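Me: I am new to this structure and would like a close look at a single part of it. Please begin with one residue and its surroundings, and then carry on from there to the rest, taking your time over each step.

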Amino acid sequence: MISPFQNNNNFRKFESLYIWKLLTENRGNSLPWYLAVSLNHMPAKYLICRSIPCKFPNLTNVNEQDLWEELTNLTEDFLEKWKLIKSGNTDLKPEIIHQRKTSLLDLNVELVKRMLTHCNFCRWNCRIDRSLDQKENLEKKISNSRLKKKKVGTCQLESTSRVGSYFHHRGEEIIFRGTNGSGTIFFTSCNMRCSFCQNGDISTDKENGIPITPYNLALMVWQLRMEGCHNINWVGGDPTIHLHTITQAINILDSFEITWINSTNIKKNINYIESIKSDKYFNDSFSQNTANAFYKNSMFNSPQIWNSNFFMSTETTNILRTIMDAWLPDLKFGPGKCALELSRTPWYWETVTTNLKHIHEWGEDFIVRHLIMPNHLECCTKPILDWIAKNMPDIQLNIMDQYHPDNLCDPLSPHFKESYKEISRSPTENELKTAYRYANDLNLNFKPLSYEKMCFP
Ligand code: SF4
């Protein structure tokens, strides 16, 4: 008898997409780990992470320095196990995943909670205590007094995370949108201030969407995957500034049980999160279709994608290393002053390229996105392509042509600023052709993903 897990039409269609053949034939990384997890042939990294035991039974009593040292040691254990799993020489046992002893995944969550108290999630390194709103809310309950205005960092956030929308994204690269969409979760606010932001409604409005707990976030992940999404796509704004909520949500994914779906409590939570779900047509299958969502029929499984501006701290990158199955970084600006002038972001080039070098050295699955901007070929596009050719010529690259003036650069908007006039138009055909010709002359792997929408609309 064929089990429903083998007889999954969704996976068959995804696996047989022509893009995989193109990427494999092309030079460089064809994201084999990501594909294997998406098809449930391999367990997601967070499951492997859960199987690595931590030497501290009670993490809250351990000082932060010792926790970081334990992370360094356990990352080595993780990498060893990951290698064995990839080669088929070992596998995960459900009883170990479900035993709930302290693990590398718990260690990551605890470290992120500590980071929140002196926030260094990203390169701004604001060092403010973002956990205070939880503590103060508690105090408020006790004293019933008014909250004082608190100091916030560049992202303007305290500890509460908000999600603007979540849905099956049909506009991502075909390897992510596939046939059923990429399970995308859009967080509010951002740690960069791009004048041209194409998601300005959520990145500049920190009150957009609804407040979300780790539990409800995990429920979104669960729902999207059960509905057949090929992955979970963490994005914003930027996901980095919500690292604490995301890691806590991932940490409870493996404790979800299918039998909960019809319980009254879950239904209440589903009604809450569905107020911001932008697609409704898959919902009927949510309670039945487990075929998309499990590794070995018993472990909830989904590839995790970090879709980010990559302006994160080294500590954040090290945490995410054992949790993210694929990475989707932007490389927007060259090494000059453009990041400062267009995004009011210092240290951009050194931060993003350092993070890119890390994931490349680690052998991670990733593609780099670069958006061609008008009047920024010489200062941004060409130096970026030169840097990739020199440092990581084997990667898959998506050179995007869809820039349009938005946010503060839109001449039709009341928020338009004259100082952004140089980017207040779409790139010309000549600019686009010059960028693609330049990438071609450097022999970069950009054609399958940059041109795919012409072939796979
Ligand atoms: S996430 Fe970044 S911008 Fe926000 S408070 Fe932390 S370090 Fe500052």
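## A residue and its contacts

Reply: When residues up to four places away in sequence are not counted, Leu-356 touches Phe-310, Pro-329, Leu-331, Phe-366, Val-368, Trp-387 and Met-392. Please keep in mind throughout that this is a predicted model. Leu-356 itself lies in helix α16, which runs over residues 348-361, and with a relative accessible area of 0% it counts as buried, because the cut-off for that word is under 20%. Trp-327 is 29 residues away from Leu-356 along the chain, and the C-alpha atoms of the two are separated by 9.7 Å.

From this helix residue we can turn to the ligand. It sits in the largest cavity, and the residues surrounding it are Cys-119, Phe-121, Cys-122, Trp-124, Asn-125, Cys-126, Arg-130, Gly-153, Thr-154, Cys-155 and Ile-241. Sorted by class, this shell has seven nonpolar residues, three polar ones and one charged one.

Cys-122 is found in the loop between α7 (104-116) and α8, where its relative accessibility of 10% makes it count as buried. Leaving out residues up to four places away in sequence, Cys-122 touches Asn-191, Thr-240, Phe-311, Met-312 and Ser-313. Glu-315 stands 193 residues from Cys-122 in sequence, yet the two are 8.6 Å apart in space, C-alpha to C-alpha.

Ile-241, the other member, lies in the loop between β4 (232-235) and α12 (243-252), and it is buried as well, with a relative accessible area of 2%. With residues up to four places away in sequence again left out, Ile-241 touches Phe-121, Arg-130, Cys-155, Leu-157, Thr-188, Ser-189, Cys-190 and Asn-191; of these, Phe-121, Arg-130 and Cys-155 also belong to the residues around the ligand. Ile-241 and Lys-21 are 220 residues apart in sequence, and their C-alpha atoms are 36 Å apart in space.

Most residues other than glycine have a negative phi. Gln-156, in the loop between α8 (132-143) and β1 (161-169), has a positive phi of about 70° although it is not a glycine, and its relative accessible area of 40% leaves it partly exposed. Asn-40, placed in the loop between α3 (32-38) and α4 (45-50), likewise has a positive phi, near 65°, but Asn-40 counts as buried at 11% relative accessibility.

Stepping back to the protein as a whole, its secondary structure comes to 20 helices and ten strands. The radius of gyration is 22 Å, close to the 23 Å that the globule rule gives for 457 residues, so the protein is as compact as a globular protein of that length. Along the principal axes, the C-alpha atoms fill a box of roughly 65 × 60 × 45 Å. Of the 457 residues, 58% count as buried, and among the contacts with a separation of 6 or more, 78% come from residues 24 or more positions apart.

Technical notes. Residues are numbered from 1 along each chain as its sequence is written. This is a predicted model: local features need pLDDT of at least 70, side-chain atom pairs count only at pLDDT 80 or more; totals for chains, interfaces and linings use all residues. Side-chain values use heavy atoms; hydrogens and water are left out. A residue is near a molecule or strand if one of its heavy atoms lies within 4 Å of it. On a 1 Å grid over the protein atoms alone, a cavity is a set of points where a 1.4 Å probe fits but cannot get out, and a pocket is an open set with protein on both sides within 12 Å along at least five of seven lines; lining residues have an atom within 4 Å of a point. A molecule sits in a cavity or pocket if more than half of its atoms lie within 2 Å of its grid points. Ala, Val, Leu, Ile, Met, Phe, Trp, Tyr, Cys and Pro count as nonpolar, Asp, Glu, Lys and Arg as charged, and the others, Gly among them, as polar. Helices (H or I, at least four residues) and strands (E, at least two) are DSSP runs, numbered from the N terminus. The radius of gyration is taken over C-alpha atoms; the globule rule is 2.2 Å times the number of residues to the power 0.38. Buried means under 20% relative accessible area, exposed over 50%, partly exposed in between (1.4 Å probe, protein chains only). Contact means heavy atoms within 4.5 Å.
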